[in-house]
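Here's a quick briefing on the structure below. Have the viewer open as you go through the points.

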Amino acid sequence: MLRVLSLFSGIGAFEKALTRLGIPFELVGYSEIDKYASKAYSLIHNESENKNLGDITKVNAKQLPDFNLMTWGFPCTDISAAGKQAGIVLKCTDCEHIFDITQTEDYLCPYCNSEHLDSITESGLYYYGWKILKYKQPEYSLIENVKNLTQKKFKTAYNKILKDLDKLEYNTYTKVLNAKDYGIPQNRERVYIICIRKDIDNGTFNFPKPIPLKKTLTEILEPDAKLPILHNVYGGFKEKKPRVFTEYSPTIRTAKGGGHIPSVYILEDFYKNRLAREYDEYAPTIRSGRKGLKMINEKMTRYLTTLEALRLMDFDDSDYYILRENGFSDTVIYRLAGNSIEVSVLEEIYKILFKKYIN
């Protein structure tokens, strides 16, 4: 049986994939500071919130129970092309100098050689995951992050991470995988770093080959919608026209403020072919999942619903209804979906990495 430590847990995609494949595991703890994500994790996985270790910067590795799998998707906020791009930055709490991780060797301050460091950027929280990995040395560690980590601007930081893992005696296997190649119709490219401790690795791990879609976009959408899916309706990323998707969805993002939630056409007969109406004195009825009705090319559209967003992350409809029954709002569910990891991709990785545990 696997014993799992989950860091930056979100709603627990790593654990969802283990459960779906029937891989036996015990959760020794999870770390999540978002109270909504923590509650959602607890509800979806039927785990007590008492297992939430809270703020990773306050987790004492020496007090953690033993585990043989550590999963983590450290924050991409300062790496993502749509984010701040400030990088993985630390600060020495002794001399107060600030520096990028590429400037330090073995995570000692390059100015005073102190080991007392703290993260400055959210992506700098990688450092705390590294500290836990260094102390506990589990057999396996799985890391996920945005593709941009492997691109030119952050390539040096990416290589530094791989060097860190090698020094901790892990063989690393890394590749950018796209969700649309692994069973779910979403264009979501993420880098996966599979770490296997050198003393147990036989060198045979290979990333899974692409598989046919197991769900079409039509199956993802609720009955009132029809293709195509439109993205950046309001001209996000300086685009003047929305991009059109017919076979797969654009990336589901955290969608703070709703600006990047993809849209879909509403079936004309759903509104009985009525023209758009204008309201001066009052608003029309607010419907569940009908956030921001609008007109595109004289046709009515709506945002993808929160149910559709979770489906595009390969979570179950039952997970959505659990959240709804417990009072989670659209805004929160959109954020939880956008911050999550594609379950279908993890399943395909697990089928190779943990083949011995699957009946």
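Before we get to strand partners, one definition: two strands count as paired if DSSP finds at least two bridges between them. With that in hand, the bridge partner of Val89 in β5 is Asp100. Keep in mind that this is a predicted model.

**The β5-β4-β6 sheet**

- Three strands make up an open, antiparallel sheet, in the order β5-β4-β6. β5 and β6 are its edge strands, each pairing on one side only.
- From one strand to the next, the twist averages 35 degrees.
- β4 covers residues 89-92 and is joined to β5 by three bridges, with the two strands running antiparallel.
- Besides the Val89 and Asp100 pair, you'll find Lys91 standing opposite Ile98 of β5.
- β4 and β5 form a hairpin, with five residues between them. Check Glu96 in the turn, where phi is positive at about 65 degrees.
- Three bridges also link β4 to β6, again antiparallel. Leu90 has Ser119 as its bridge partner in β6.

- Thr104 sits in the loop between β5 (98-100) and β6 (117-119).
- Is Thr104 buried or exposed? Its relative accessibility is 3%, so Thr104 counts as buried, the cut-off for buried being under 20%.
- A polar atom of the Thr104 side chain lies 3.4 Å from the backbone nitrogen of Tyr107.
- Leaving out residues up to four places away in sequence, Thr104 touches Phe99, Pro110 and Lys160.

**Cysteines**

- How many disulfides does the structure hold? The count is zero.
- The cysteine sulfur closest to that of Cys109 belongs to Cys95, and at 3.6 Å the two are too far apart for a bond, because a disulfide needs the sulfur atoms within 2.5 Å.
- Cys109 is buried, at 2% relative accessible area.
- Cys195 is buried as well, with a relative accessible area of 0%.

**Nonpolar cores**

- The largest nonpolar core has 58 residues, and Ile194, Tyr350 and Phe354 are the ones touching the most other members.
- Helix α9 (residues 343-353) gives the most to this core, contributing six residues.
- Apart from this core lies another one, of 42 residues, including Phe8, Ile132, Leu165 and Val191.
- What does Tyr350 touch, not counting residues up to four places away in sequence? The list runs through Phe14, Ala17, Leu18, Leu21, Ile23, Thr71, Leu142, Lys355 and Ile358.

**β10 and its two partners**

- β10 spans residues 225-231 and is mostly covered, with five of its seven residues buried.
- Four bridges connect β10 to β12 (residues 263-266), and the strands run antiparallel. Within that pairing, Ala225 has Ile266 in β12 as its bridge partner.
- β10 is also joined to β11 (residues 243-245), by three bridges and likewise antiparallel. Here His231 stands opposite Arg243 of β11.

Conventions. Residues are numbered from 1 along each chain as its sequence is written. This is a predicted model: local features need pLDDT of at least 70, side-chain atom pairs count only at pLDDT 80 or more; totals for chains, interfaces and linings use all residues. Side-chain values use heavy atoms; hydrogens and water are left out. Buried means under 20% relative accessible area, exposed over 50%, partly exposed in between (1.4 Å probe, protein chains only). A polar contact is a pair of N or O atoms within 3.5 Å; within protein, one must be able to donate a hydrogen and the other to accept it, and residues adjacent in sequence count only if both atoms are side-chain atoms. Contact means heavy atoms within 4.5 Å. Axes are lines fitted to C-alpha atoms, for helices over the stretch in contact, and angles run from 0 to 180 degrees between N-to-C directions. A nonpolar core is a set of buried Ala, Val, Leu, Ile, Met, Phe, Trp, Tyr and Cys residues joined through side-chain atoms within 4.5 Å.
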